Amino acid sequence: MIGEDEYLERIVAGIHAVTTSDADVSWNEVINGRQFDVVVRFALGTLRYLVLIEVKNKTRRASAQDLDAFVTKARDQNSNKAVFVSAAGFQAGAIEVGKRHGVDMFQVSFDEEQLELSTTSGYRSEE
């Protein structure tokens with residue numbers, strides 16, 4: 001049986017796999033010695049894109065330090081987009097870091113009987 005952390009990571013990977021046409025979506029991938037929860041690769045015309053996703057299934061809200069560490073990790077891989085998913089939400093400082101670095105941030109509630117993606121909490125860089 002898989003743990004709750006892995007379950008949530010696989011749900012996030014599955015969401016991207018079914019909503020991103022012609023994308024290669026992988027879970028728990030190591031790139032240049034660094035582990036990423038979900039990796040999405042796709043091409044648009046002659047351009048290739050890399051999206052790196054961090055998934056935190058913790059009871060505490062993600063901190064500015066959590067976001068800073070992920071931003072550095074994603075930039076080291078020359079990602080085109082960084083996405084941070086948290087089950088507990090985000091501290092105010094984390095939201096500021098996410099905005100400053102263009103990280104898409106989502107809060108997901110985790111329940112084995114019902115998984116819900118909040119459409120109102122968190123920050124989306126497109127807004």
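**Figure 1. The largest nonpolar core holds 18 residues.** Those with the most contacts inside this core are Leu52, Leu67, Phe70, Phe84, Phe90 and Val103. A nonpolar core is a set of buried Ala, Val, Leu, Ile, Met, Phe, Trp, Tyr and Cys residues joined through side-chain atoms within 4.5 Å. Buried means under 20% relative accessible area, exposed means over 50%, and partly exposed lies in between (1.4 Å probe, protein chains only). Strand 2 (34-44), strand 3 (47-56), helix 2, strand 4 (81-86) and helix 3 each give two or more residues to this core. Helix 2 provides the largest share, five residues. Apart from this core lies another one, of 13 residues, among them Val12, Ala13, Val83 and Phe106. In soluble globular proteins, nonpolar side chains tend to be buried together.

The model is predicted: local features need pLDDT of at least 70, side-chain atom pairs count only at pLDDT 80 or more, and totals for chains, interfaces and linings use all residues. Residues are numbered from 1 along each chain as its sequence is written, and side-chain values use heavy atoms, with hydrogens and water left out.

**Figure 2. The protein chain has three helices and six strands.** Helices (H or I, at least four residues) and strands (E, at least two) are DSSP runs, numbered from the N terminus. From that end, the order is α-β-β-β-α-β-α-β-β. The chain has 127 residues, and buried residues make up 38% of them.

**Figure 3. Helix 2 (residues 64-76) packs with helix 3 (residues 92-101).** Two packed helices are described by the angle between their axes and the distance between the axes. Here the angle is about 25 degrees, and the axes are 7 Å apart. That makes helix 2 roughly parallel to helix 3. Angles under 35 degrees count as roughly parallel, over 145 as roughly antiparallel, 65 to 115 as roughly perpendicular and the rest as oblique. The axes are lines fitted to C-alpha atoms, for helices over the stretch in contact, and angles run from 0 to 180 degrees between N-to-C directions. Which residues meet? Helix 2 brings Ala64, Leu67, Asp68, Val71 and Arg75, while helix 3 brings Gly93, Ala94, Val97, Gly98 and His101. Of the residues in this contact, five are nonpolar, three polar and two charged. Ala, Val, Leu, Ile, Met, Phe, Trp, Tyr, Cys and Pro count as nonpolar, Asp, Glu, Lys and Arg as charged, and the others, Gly among them, as polar.

**Figure 4. Ala62 sits in the loop between strand 3 and helix 2.** Ala62 is buried, at 3% relative accessible area. Contact means heavy atoms within 4.5 Å. Not counting residues up to four places away in sequence, Ala62 touches Leu67, Phe84, Ser86, Gly89, Phe90, Gln91 and Ala94. Phe90, leaving aside its neighbours within four places, is in contact with residues including Arg61, Ala62, Ile95 and Met105.

**Figure 5. Ser86 belongs to strand 4.** Is Ser86 buried or exposed? Ser86 is buried, at 2% relative accessibility. Beyond four places in sequence, Ser86 touches Lys56, Ala62, Phe106, Gln107 and Val108. Lys56 lies in strand 3. Lys56 is partly exposed, with a relative accessible area of 27%.

**Figure 6. Ser26 lies in strand 1 (residues 24-31).** Ser26 is buried, with a relative accessible area of 18%. Ser26 and Val39 are 13 residues apart in sequence, but 5.2 Å apart in space, C-alpha to C-alpha. Leaving aside neighbours within four places in sequence, Ser26 is in contact with Asp37, Val38, Val39 and Arg41.

**Figure 7. Asp22 and Asn32 sit in loops.** Most residues other than glycine have a negative phi. Asp22 has a positive phi, near 55 degrees. Its loop runs between helix 1 (4-19) and strand 1. Asn32 has a positive phi of about 50 degrees. The loop of Asn32 is between strand 1 and strand 2. Asp22 is exposed, at 77% relative accessibility. Asn32 is exposed as well, at 68%.
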